[in-house]
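Please open the model in your viewer and keep the selection panel at hand.

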Amino acid sequence: MSLAGRSLVTMDDLSNDEVEGVFSLADGMADSLGEQSSVCQGKIMASLFFEPSTRTRMSFEAAMLRLGGRVITAVDIGATSLAKGESIADMARVVGSYADIIVIRHPWEGSAKVVADYAGVPVINAGDGGHEHPTQTLLDLYTIKKERKTIKGLKVALWGDLKYGRTVHSLAYALARFGATILFRPAPGLGIPDHVVRKLTAEYGGELRRYGTADQSETGGLFSLDAIYVTPSTPHQLAMMADVSLQVELEKGVDAIYVTRLQRERRDAAKVEGDTRREYPVVDKRLLRERTFKETLVMHPLPRVDELAYELDADPRSMYFKQAARGVPVRMALISLLLGSKKADTGRDDRSRKPGTSHPAYNRGFGVRCQNRNCVSVNEEKYIKPEFKIISLKPLTLRCIYCEHETFPKYVASAEWHEGTLKSKRYHSSDSHWMKKIRPENLIIFDSESEAQSRGFLPGKYAEG
Amino acid sequence: MSLAGRSLVTMDDLSNDEVEGVFSLADGMADSLGEQSSVCQGKIMASLFFEPSTRTRMSFEAAMLRLGGRVITAVDIGATSLAKGESIADMARVVGSYADIIVIRHPWEGSAKVVADYAGVPVINAGDGGHEHPTQTLLDLYTIKKERKTIKGLKVALWGDLKYGRTVHSLAYALARFGATILFRPAPGLGIPDHVVRKLTAEYGGELRRYGTADQSETGGLFSLDAIYVTPSTPHQLAMMADVSLQVELEKGVDAIYVTRLQRERRDAAKVEGDTRREYPVVDKRLLRERTFKETLVMHPLPRVDELAYELDADPRSMYFKQAARGVPVRMALISLLLGSKKADTGRDDRSRKPGTSHPAYNRGFGVRCQNRNCVSVNEEKYIKPEFKIISLKPLTLRCIYCEHETFPKYVASAEWHEGTLKSKRYHSSDSHWMKKIRPENLIIFDSESEAQSRGFLPGKYAEG
Amino acid sequence: MSLAGRSLVTMDDLSNDEVEGVFSLADGMADSLGEQSSVCQGKIMASLFFEPSTRTRMSFEAAMLRLGGRVITAVDIGATSLAKGESIADMARVVGSYADIIVIRHPWEGSAKVVADYAGVPVINAGDGGHEHPTQTLLDLYTIKKERKTIKGLKVALWGDLKYGRTVHSLAYALARFGATILFRPAPGLGIPDHVVRKLTAEYGGELRRYGTADQSETGGLFSLDAIYVTPSTPHQLAMMADVSLQVELEKGVDAIYVTRLQRERRDAAKVEGDTRREYPVVDKRLLRERTFKETLVMHPLPRVDELAYELDADPRSMYFKQAARGVPVRMALISLLLGSKKADTGRDDRSRKPGTSHPAYNRGFGVRCQNRNCVSVNEEKYIKPEFKIISLKPLTLRCIYCEHETFPKYVASAEWHEGTLKSKRYHSSDSHWMKKIRPENLIIFDSESEAQSRGFLPGKYAEG
C-alpha cells in the first residue's frame, strides 16, 4: 500500500485499510524509535502554524527529526504574510517549492484543503479551526487499538464538551467507521450537535438510540443521553433488535472514556457561563471506582484543565500521556508514507468501508455561499469559488467542500428555462414542489431573493416557502 | 573564484563576474537539489529576524538544510535583547561565536553592515529596512538570466510602487550594471525617486530618456514616464543617438515586467490614500493581451495583493512562483560560497564593471550626522561614528556608508586655519565660493550653524548661502 | 564519572568534582568544535522558552547541533498552552515523551525543578525567574578557570546590581564553593541581600568581613562594602586571623571583576529611580587604569547597557565575548554528559565539598506555604504540595525546596499531643520556649493564627511572640 504524494486533510482521505496500514507501520517504528534516522534523510518538512499549538507542532517536528528529515518552522506566520495581505494559496505554492511536505495549522475551516490543493507537495492538516485534526484522531484510535487489539464492537464514551470539541467529532466518525458503539455524556448545554449525529447515522451507518430522562436516574446521571450503535455489515439491523436498556449495556463495562475540556478558545468567551464550568463533569477516582469503569481506558487529547483529576495520573487505566507519546510514531509512519519513503503492508486488499457516501457536486460558483464565516472560502473569496456537495434535496442541504458546514438555501431555479428570456427566469422556494421538477444537472441555488434577483431572476409563484 | 569569508550586505559587494559565479553554481545545485547534503555538513547558520518575514527566512533555512547544514533561528529577538537594551554590535559578536554564518533581517537601514562589521563570520543581509535585500535581487536577476540566457540589452519594465519598493531600486541598479534598459511605470505619486535616478546615471552609466505627456497618449498610458538606457561600454553614446520614440521601443516588446505591491508597511499608514489604491496599476489578462507583452516575463517579489491578478497564475509567462522557488538554489550557492564550501568557476578573469565609482570618505565623526532617522548610525550612536562618502561638492552631497541615504549639509569650514585660534575659525555656506578653497583633506562639514558654533566656529562672511 | 540521566536545576546538583569534569570535557570539545557531530546523533533536545532569551536559547541549540543532535524549539509556548490552562507538569511529561533532553526557561521560580520531577528525561534549567541559571554560572566559572588555571584563592569583585542579579548570586555561591574570595561593589541601594550572605557564610563556609565607612575613603569609594573570604579546609580559621585592611588586599590586585547590569525586568519598573541609573557604577578605561585592576579579567553576563563602556571591547582584559563564546563548549559538555553520550574523567575520586549542608525536611503539605508569589508551588498549587527544608530553628526559618526562598513562620504546634482531642491541640509562637519542647519529627508549622485555627488548633499561652 503506497500513500506517496497524497495529503491528509480529513480522516475521510484514508480508507479503513489505509488507517490500519499507518498503524502497523507505527507499531514497527515505536519499537525502534532511534533507528529510523535514515528513512527521510534529505527531506524537509515545513511546519506552518498560523495558530500556536506547541504540543502538536513539537510532536510533528520530533517525528520528522526521528526520521532523519529536517524542519523549517513558522509560528510567526500569522503576524507577517497575512498582514501583507498574502493568500493561503500563494503561501502554499511558495512553501511547497521550499519543502517536501507541509504541516499546516490555521484558524480558518477548510484552509488545509486549500493548502493541499495548491502546494504541489503532500500536506498534513494539523488542525483547521473547528473542522478537522486528523492526526489527533489517528493517535486516539491507535491508542485504543493498541490497548484493546481491536476497535470493532468496543463501547467508547465521549465525555464533556461534545459541542465544540473538534477532536471528539472526528473521533466519533472514526469510531463509527471501525464499528465501535459510541455513548455520549455531554456537559450541560454542550451536547453532540445534530449535524454530527446526522452524519454518523446517514454516512457511517450508525443507529441512534435515545435514552430519555427515565434512563438518567437508572444510570446515576452518568449517561443521560444517547448512544450510536454501529454494525458495519448490516447497519439497519439494530433498529429491529429488541430494546436493550442502557443499564444492561453499561453493566458490561465501558471500554474507553474520552474526556475533553471546555473548548473556550473556539467559543465566544462571553458565552462561557460560570454555570457551565461548575457543572462540567469531572473524571476522578470516585467515578472510576464504579464497576462500569473497572477496565476503562481513560483518554484525553490534552491539555486538560479541571475535568480530569491529577489523582488519576498514576492509575494504570490512564492513557492520556501514552496517547501523547504515541503521537510521535503515528506521525512518523504517516509522514514517511506520504513522502513515499515507506510502504505499508496490510496483508489485505482494500475492501474496507469507504467513508461517507458519494454526493452530487454543486459548483456553479454563484448564487450560494458557505454560511460559515470562519470558512476559508469566505475569507479567501478572491480566488476560491464556492463549491458544495448536495447532501439532501428535502430539505435542500449543501455541504461546503472546504469546511464541511451545511447550509440550507431557500431558493432554487432551473438553468434550462423556457425560451431563456428574463421574463421566464423564475426562482422558487427550495421546499416547494418545483424542487422535484428541476433536473439535478439544471439546478441553480440561491441564498436569498436578492441574490437571485441580482442574477436576473424574478420571483416565481412559489417563491415563498 | 572564492568568496570565502565575505559578506553580502549590498549588491555592490559582488562584481558582475561574482554574480555570474553565484548563478552558475546555482544552476548546478538546482539540477540536483537533493544531492547537496554534504556541502555544508557541520556548519551552523543563525537566522536572526528582528522583523518577521516568513518567506525569506524559510527560503534561507531550506537552502542551508539542503546543503546539510543546520540552523538556529530567532524570530523573537526584537522583543528580547532590544528590550534589554542590547546593541546590534554585541548581538552580532555573540551570535558570531555560536554560528558559522549569519542571516540578518532588521528594520534599521544599514544594520546588516554593522552586523557584518562585528560578527567575525560571513553575514547575509536579508533586508535592512528600506535599504537593501540583495538575495531578492539575485534571484530576480537569476530568473531573467535563466529564462532569457542574458540580461544585457533586455528591456525590463518596473511597475507599481517605484518610490518605496526596496527590491525595485536594487533591481534597477543591478539591471543597469548588467546592461539592461529599464522602463518605469509607477503608480500615481509613487515614481522612482531622484536619488535612484541619480545613482543609475552617475554610477551605473545609465542614460535617462524622459517621455513627456505627449508620449502618454501614444503608449496608451502604459509607460507615461521615463526610461534608463545603458550601454555598458560607452555610456554616453546614447545621448548622441537620433531620438527614438518610446512607441517604437515598445513595439519591439518588453522582455520582463517587474510588478511590486503598494509598500504600505514602509510608509506612514496615514499617507496611503484611497486614491492610490484605486489608481494602482493592475497587471491582468487584459493587459497581457497587448502585443508589447506577448513574450514578457511577468515577475513579482511576492507577496502580492491586488496588483497582479490570480487569473495569470497558469499563464506560461508568469514567473513569480518560479522566482520564489529559485530563491533556494540561489541562496544555496551563495551560502556555500561565503562559507568557503564551494568555489565558483566563471571561466573568466574578473574584468567586470565594478559597481559604483570611488568616492572620497568623510569620517571626522562630528559636525554632521545621517539625516535618516531609520539609519542604524542614528539609532546606535553609542558606538557607531557617522561616516560618509562625498558624492558631490556642488551641491555638497554626502552619502551615509551605512544606510546610503544622501544628505546635503549647509556649512563647511577648514581644518587648516591660520594659527588655529578661535577668532580665525570660521564656517561658511557650503554653496559659497569658499567650498572650492578648502582642500578636500581639510574639509569640515556641519549640519547646522549651531553644530558649527558648538565646535567653536564663528560665522564667516559667506555663512548665508 | 557519569552524569547520565541526571538533571541540572541548580549549581548544587553538581559536586565540585563534577563541575571540574564538565570543564575538562568542555576543554576537549572547544579544541575541536567541528568534530563532535557524532556525539549525540539521533538525539532530540526540546528547548522550551516561556520567556524570551535569544542568546541563551541559541547557545544551547548551537551546542546540541554541534554535537550532531537535533532540536525542537518553542518560544511561543507561553502564549499557547498556558492560555489553555495547562500545567507545567503535564507539559513536562508530554515533551519528555517527544525529546531526549529538555532545556527550560520559565519566569516562575522553581519551575525547572518541577519539569525535572515530571519529564522522565534529563532537564537543564536555563533560568527560572530570579532563582537559578546554572549554565551561566558554569560558563562564568569556566572562563575564570581557563584564564587563571584555578579558582581557589582568587579575588573576584562582584559589581553593580547585587540585589536582583540572579547570575551574581549563583556565581557567589559557586566561587565560595571553589574557595575564591568575593568582594562586593554594589550600586547604591542594590547591595547583596542578607539571605545570600547568610547562605555564603552558613553553607559554603565563607567568612564575612565588613569594611565600614572608614574604609570607603581609603579605597577611593571603590569597595565601600564587604567581602567574603573562604578557606575551604578550615572555614572559621580566618576569624582568628589578624585584621587585614581592604586596602592591602586590593593592592595585590583583583583577579576578576564581574559586572552586571541593572536588572530592570526583574523589578517593579516604577521602583527604578533615575538616581539609581545615574549612580550606577560604570566600568571604563579610567577605572581599569588603576593598579588594582592591572591584570583583572573584566566579565559580564551580557547583555550590557551602560555599565560597561564600549571602549573596553578591544582591551585584552575584556572577557565578556569570550564568556559568551565559551557557553557553547560548556553546554556541549553538559548535554553530552546528561545524555550519557560522554563520560568525564576527573582523575580523582569525588572527595569534593558537597554543596550546602543537609537540612531536615518539612513536608506535611499544610499549614505553611511559600511566601514567594513567583514560586512555582504557589502558582501550580493544584498538584504541587508545599515542601521545605528547615534551615534554622531560632529564628524558625524554612526554605522552599522549589524556589529556595526563605520564610519565617510565626506559629508552631506538636503532632503528638495528649489524647489527640481538639481541646489539647494548641499552637504557640515559633520564638517562644515551646519551640525547643517539640521534637523535630512532631513539628507542625503555621503561617498564621487563622491557618492554625482552620486546622482545629487553639491559641496556646505563648501564641504571641
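## Chain A as a whole

Begin by selecting chain A, where buried residues make up 52% of the 465 residues; a residue is called buried if 20 or more other C-beta atoms lie within 10 Å of its own, exposed if 12 or fewer, and partly exposed in between, with C-beta atoms placed from the backbone. This is a predicted model, in which local features need pLDDT of at least 70 and side-chain atom pairs count only at pLDDT 80 or more, while totals for chains, interfaces and linings use all residues. For the selections, residues are numbered from 1 along each chain as its sequence is written, and chains are lettered from A and ligands numbered from 1 in the order in which they are written.

Colour chain A by secondary structure, and 16 helices and 18 strands can be followed; helices (H or I, at least four residues) and strands (E, at least two) are DSSP runs, numbered from the N terminus. Among contacts in chain A between residues at least 6 apart in sequence, 74% join residues at least 24 apart, a contact being a pair of residues whose C-beta atoms, placed from the backbone, lie within 7 Å.

## The domains of chain A

Next, colour chain A by domain: domain 1 takes residues 11-133 + 324-338, domain 2 takes 135-321 and domain 3 takes 361-459, with bounds that come from an automatic or database domain assignment. The centres of domain 1 and domain 3 of chain A, taken over C-alpha atoms, are separated by 35 Å. Between these two domains, 11 residues of domain 1 of chain A are in contact with 14 residues of domain 3 of chain A.

Which elements give two or more residues to the side of domain 1 of chain A that touches domain 3 of chain A? They are helix H4 (88-96) and helix H5 (111-119) of chain A, and H5(A) gives the most, with 3 residues. By class, this side of domain 1 of chain A has 4 nonpolar, 5 polar and 2 charged residues, where Ala, Val, Leu, Ile, Met, Phe, Trp, Tyr, Cys and Pro count as nonpolar, Asp, Glu, Lys and Arg as charged, and the others, Gly among them, as polar.

## How the chains are related

A rotation of 120° with 0.0 Å of shift along its axis superposes chain C on chain B, with an RMSD of 0.1 Å. The two copies are thus related as by a three-fold rotation axis.

## Where the chains touch

Select the contact between chains A and C, to which chain A brings 21 residues and chain C 23 residues. On the side of chain A, helix H2 (54-66) and helix H13 (320-338) each supply at least two residues, and H2(A) gives the most, with 7 residues. The residues on that side of chain A divide into 13 nonpolar, 5 polar and 3 charged.

## The nonpolar core

A nonpolar core is a set of buried Ala, Val, Leu, Ile, Met, Phe, Trp, Tyr and Cys residues joined through C-beta atoms within 7 Å. Of the 400 residues in the largest nonpolar core, Ile102(A), Ile102(B) and Ile102(C) touch the most other members, and H13(A) contributes the largest share, 11 residues. Centre the view on Ile102(C): not counting residues up to four places away in sequence, Ile102(C) touches Ala46(C), Leu48(C), Val95(C), Gly96(C), Val115(C), Ala119(C), Val121(C) and Val123(C).

## Strand S9 of chain C

Move to strand S9 (residues 256-259) of chain C, which is covered on both faces: Ala256(C) and Tyr258(C) on one side and Ile257(C) and Val259(C) on the other are all buried. S9(C) pairs in the parallel sense with strand S5 (residues 155-160) of chain C over 4 bridges, and with strand S10 (residues 297-299) of chain C, also in the parallel sense, over 3 bridges; two strands pair if DSSP finds at least two bridges between them. Ile257(C) stands opposite Ala157(C), and in S10(C) the bridge partner of Ile257(C) is Val298(C).

Technical notes
Copies are superposed by least squares on the C-alpha atoms of residues with pLDDT of at least 70 in both.
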